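I'm opening my notebook on a structure that is new to me. Here is what I looked up, one entry at a time.

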Amino acid sequence: MTARILDGKALADRVRGEVALQADALRGQGVVPCLAVILVGSDPASSVYVRNKVAACEKAHIQSLRFDYPADVDPATVMARLEALNADDSVHGILVQLPLPPQFDEAAVLRAIRIDKDVDGFHAENVGRLSQGQPGFIPCTPYGVMKMLESENVPLSGAEVVVVGRSNIVGKPIAKLLTNAGATVTVCHSRTRDLAAHLRRADIVVAAVGKPRMITADMIRSGAVVIDVGINRIESGPDAGKLCGDVDFASVREVAALITPVPGGVGPMTITMLLANTVESAERRLAREPA
Ligand code: NDP
């Protein structure tokens, strides 16, 4: 069997088109959807992410506000900015790019964001809502993964799912979403005794580890659906400098039924769902307080 490739770029383009139409409809009702992005320091990866997010907003007809601070900024300055953005009715989403420098208490910063503007879905209240299956904001990467599975009508109810990775931003929320959707979910991590044995039982594998090509064909059941969240830079060999996932795409492709590539898989969906959450926030606000 050779797997079908789930093209995240094509799906992302489609969803971004829908988001732009929603943004236009909001503008027609006097509401300009707006995302505020805070970047502290000049970490190259964070700077690229923020630049990409701002550019994606523009293409989706969403206004963006960008606030840059030096790495040694007093946290009180950023907290004051958050308070102002919380109080500003024209701002629908607030995002603080992580990681923050060591003088910050990251959890406290995330808690300072109003939950109805927490479009990254990292506020403890939104995490709790997700856990209880209540409406809130879903973190963007897990939301993107769910959208990908939905776009392919992958049956979730009763499915055996193995999520590899238990981080707060990817592994745990994906496991919660899949559990809420009726899947039987096993979460594996660095202490898991026999990862391959778990993986071989899975109808669906979600890999979010950060280890290049660690999941190989011998660990995957024939006909499985494989979602690769990992983004790794290859350090040596013929592919040095290129990106790859946590899944050994070339070999796993020969046994799986459906697989996401890296790049061009989950990656493009993450920013897409940030845009979707921002427009959703603006729509909720309009429903609460018509313009
Ligand atoms: P973290 O480093 O926070 O978490 C990695 C997880 O993998 C941990 O739970 C860790 O276990 C587990 N792990 C590490 N080694 C092994 C192993 N040998 N076997 C099984 N599990 C292991 O990473 P993130 O969740 O933030 O990111 C994971 C990957 O996804 C990265 O490559 C990242 O770049 C990518 N990513 C991609 C995004 C996208 O848009 N596509 C967005 C966010 C991340 P333990 O908890 O025990 O340490």
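**After the helix.** I started where α6 ends: N153 follows it, with a positive phi near 50°. The model is a predicted one, and I kept that in mind throughout.

**The helix itself.** Which of its residues are buried? I noted C140, T141, P142, G144, V145, M146, M148 and L149. The cover over these buried residues includes α1 (8–28), α7 (171–180), β7 (204–207), β8 (225–228) and α10 (266–288).

**A strand pair.** Next I looked at β4 (residues 93–96), where G93 and L95 point one way, I94 and V96 point the other, and all are buried. Strand β2 (residues 34–40) pairs with β4 in the parallel sense, over four bridges. I found L35 bridged to G93 of β4.

**Domains.** The domain assignment lists domain 1 (33–115) and domain 2 (140–267). I noted 29 Å between their C-alpha centres.

**Cores.** The largest nonpolar core has 53 residues, and I62, L149, L178 and I204 touch the most other members. Its largest share, 10 residues, comes from α10. Where does this core lie relative to the two domains? Domain 1 and domain 2 both give residues to it, so it lies between them. I checked L178 too: leaving out residues up to four places away in sequence, it touches M146, L149, L156, V161, V163, A183, V185 and V206. Another core, of 19 residues, lies apart from the largest one; A3, L195, V205 and M219 are among its members.

Conventions: Residues numbered from 1 in each chain as written. Predicted model: local features only at pLDDT ≥ 70, side-chain atom pairs only at ≥ 80, totals over all residues. Heavy atoms only, no water. Buried < 20%, exposed > 50% of the residue type's maximum accessible area, 1.4 Å probe, protein only. Helix = DSSP H or I, 4+ residues; strand = E, 2+ residues; numbered from the N terminus. Contact = heavy atoms within 4.5 Å. Domains from an automatic or database assignment. Pairing = 2+ DSSP bridges. Core = buried A, V, L, I, M, F, W, Y, C linked by side-chain atoms within 4.5 Å.
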